[in-house]
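Subject: Structure handover

Hello,

Here is the structure I promised you. Please open it alongside this email.

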Amino acid sequence: MRSNVLEFPDASVAKVGQSSERLNSAMTIEHLGLVYRGGHCALADVSMCIAEKQITAIIGPSGCGKTSFLQCLNRLTDLIAGSEVTGRICLEETDVTSSTIDVTVLRRRVGMIFQKPNPFPLSIRRNIELALRETNVLDKKECADIVEHVLREVGLWDEVKDRLDGPAQSLSGGQQQRLCIARAIALKPQVLLLDEPCSSLDPVSSEIVEDLLFRLRERYTLVVVTHNLAQARRISDNTAVFWTRDDAGRLIEFGPTQQVFEAARDPLAASYIQGRRG
Amino acid sequence: MSKGWDPGLVLSWTVAVIVAGAFCWLLGDVFWNGLGRVNWQFLTEAPRDAGRSGGIGPIIVSTMLILLVCMAASLPLGVGAAIYLSEFTDSEVGFGRMIRRSLEVLSGVPSIVFGLFGSAFFCIYLGLGFSILAGGLTLACMVLPILIRATEEGFRSVPSEYRLGGAALGMSRTRRLLYLSFPAALPSVVVGFVLGLGRAIAETAALIFTSGYVDRMPSSLFDSGRALSIHIFDTSMNVSGGEAQAYGTAVVLVFTLLSINLAASWITDRWLYRESIGS
């Protein structure tokens, strides 16, 4: 079936409060497909643009390829034996899917936060230092400055400044997730991928992380997978709806969040958003 | 079901009592007959009169040297192979599966066969003769499957979130291995090491043809040296009137084995405890 390449959202329909200057795209995805070993087609023919310094929400029912989509964007799919990616993903001028690029550099530019907070079993400080070491920041003073800076950025500094050398896993779930975000932004990424960052957190922690995401939007391009439609509506600028059709995850609706939520063109997407399907 | 015997309970208790009883009997017998023999002289002096009197000093030294050679050879090889198997191959297909199958077979091979192999390969083909080196290397071959399996399990049980998290931070495979997987798998490496050590120190058949019988103090790794287990075998089977010395040696051997096991479980407990404080 022929894809309808969904156009980049027009600035004129942007929601209130959004700048009306021309939006740049941070990543462009063209005809992306992903097949796992055994022939299971996780994604087929996904094309979209991810707008720079905005939040793009990815929603859709379970198993429709949302996480797979994120993993394609920073080549974590490489870790899955037998998976095969087709199509093109561009990060500015870099072709992400090219076999010649340095994936470690790519993953520093495109960071990822997972559903379950995954701090390493090390101290809070070491968690961030370990990431920094990859960028050859070896100077102690510089390291300490960056650790403080990123922890302040995620609003964790005041909570942990007295126990930086304590185990990261003794933090609460929400704190752990913010530490993971701090660890990721210590690498100065351009894009942050977040895979249901709040779903394993309690409502209060979830709200704190959500506020954080909204603040981070000023500096980074965020792509957030979420099951929480209300959250997608609250925080995102653009929304993409994925759906399983013909045994493959596909993009069925994409546009400015307000438009998707109020006037989705695709009937499936519309009924999903209104809670009638999915 | 308030009255009467539960047959399942009776059966399991019987089995438990038999197993524990056999262990206690064995241990009791060895210590009852041998403990009186063990003193400083026994531990340091050389055996006299084909082992009927004197001590086991050189034998302890030979045993330690054999173990040293065994572990020095098997530890890097074993950990390397385990890392390769768990991190770089797919265990279900192709080469990985072949290695795994071979290991399963190898761990079931009787030790006397290892002894013959060691004798043919290390002693004769490589020209090492009856030597501590040949004995240690033969034991290394025998211990490898145990070591690899235990270590590999350890690496496999490292949560995949660490690997994914590391990868997402742009850490290369080597660095993920070094900074994330290896520290997390270290307790299993220790367990594998101790299991291997336990098997090696108790081994007799594989050493008879390789490290030999000579009970003098070894002056180098190329000397023949008699291990504790062989000394027990020899004094109890080949030397009339050597049983008492054999019991004494058995006490030393069993005591060493128990200490190694206790030390290992202490270390891993401490380790696991430290790891789990956080979570």
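This is a predicted model: local features need pLDDT of at least 70, side-chain atom pairs count only at pLDDT 80 or more; totals for chains, interfaces and linings use all residues.

**Chain B overall**

Chain B holds 11 helices and 2 strands. Read from the N terminus, the order is α-α-β-β-α-α-α-α-α-α-α-α-α. Along the principal axes, the C-alpha atoms of chain B fill a box of roughly 70 × 70 × 35 Å.

**Helix 1 of chain B**

Helix 1 of chain B covers residues 7-34. Does its length fit its residue count, or what should 28 residues span? At 1.5 Å a residue, they should span 40 Å. The end C-alpha atoms are 40 Å apart, so the two figures agree. The N-terminal end of this helix is capped by D6(B). There, a side-chain oxygen of D6(B) sits 3.1 Å from the backbone nitrogen of G8(B).

**I146(B)**

Look next at I146(B), which lies in helix 6 of chain B, residues 132-156. Leaving out residues up to four places away in sequence, I146(B) touches L195(B), G196(B) and R199(B). I146(B) and F255(B) are 109 residues apart in sequence. In space, their C-alpha atoms are 22 Å apart.

**Helix 6 against helix 7, chain A**

Now to chain A. Helix 6 (residues 173-185) packs with helix 7 (residues 203-216) at an angle of about 20°. Their axes are 9 Å apart. Angles under 35 degrees count as roughly parallel, so helix 6 of chain A is roughly parallel to helix 7 of chain A. The crossing is right-handed.

Which residues of helix 6 of chain A meet helix 7 of chain A? They are G174(A), R178(A), I181(A) and I185(A). On the helix 7 side are S205(A), I208(A), V209(A), L212(A), L213(A) and L216(A). The residues of this contact divide into 7 nonpolar, 2 polar and 1 charged.

**Helix 3 against helix 6, chain A**

Helix 6 of chain A also has a contact with helix 3 of chain A, residues 124-133. The two axes come within 8 Å and cross at roughly 30°. These helices are therefore roughly parallel to each other too. Their crossing is right-handed.

Helix 3 of chain A brings I124(A), N127(A), I128(A) and A131(A) to the contact. Helix 6 of chain A brings L179(A), A182(A) and R183(A). Here the residues divide into 5 nonpolar, 1 polar and 1 charged.

Best wishes

Key. Residues are numbered from 1 along each chain as its sequence is written. Chains are lettered from A and ligands numbered from 1 in the order in which they are written. Side-chain values use heavy atoms; hydrogens and water are left out. Axes are lines fitted to C-alpha atoms, for helices over the stretch in contact, and angles run from 0 to 180 degrees between N-to-C directions. Helices (H or I, at least four residues) and strands (E, at least two) are DSSP runs, numbered from the N terminus. Angles under 35 degrees count as roughly parallel, over 145 as roughly antiparallel, 65 to 115 as roughly perpendicular and the rest as oblique. A crossing is left-handed if the near helix is turned anticlockwise from the far one by less than a right angle, and right-handed if clockwise. Contact means heavy atoms within 4.5 Å. Ala, Val, Leu, Ile, Met, Phe, Trp, Tyr, Cys and Pro count as nonpolar, Asp, Glu, Lys and Arg as charged, and the others, Gly among them, as polar. The expected span of a helix is 1.5 Å times one less than its number of residues. A polar contact is a pair of N or O atoms within 3.5 Å; within protein, one must be able to donate a hydrogen and the other to accept it, and residues adjacent in sequence count only if both atoms are side-chain atoms.
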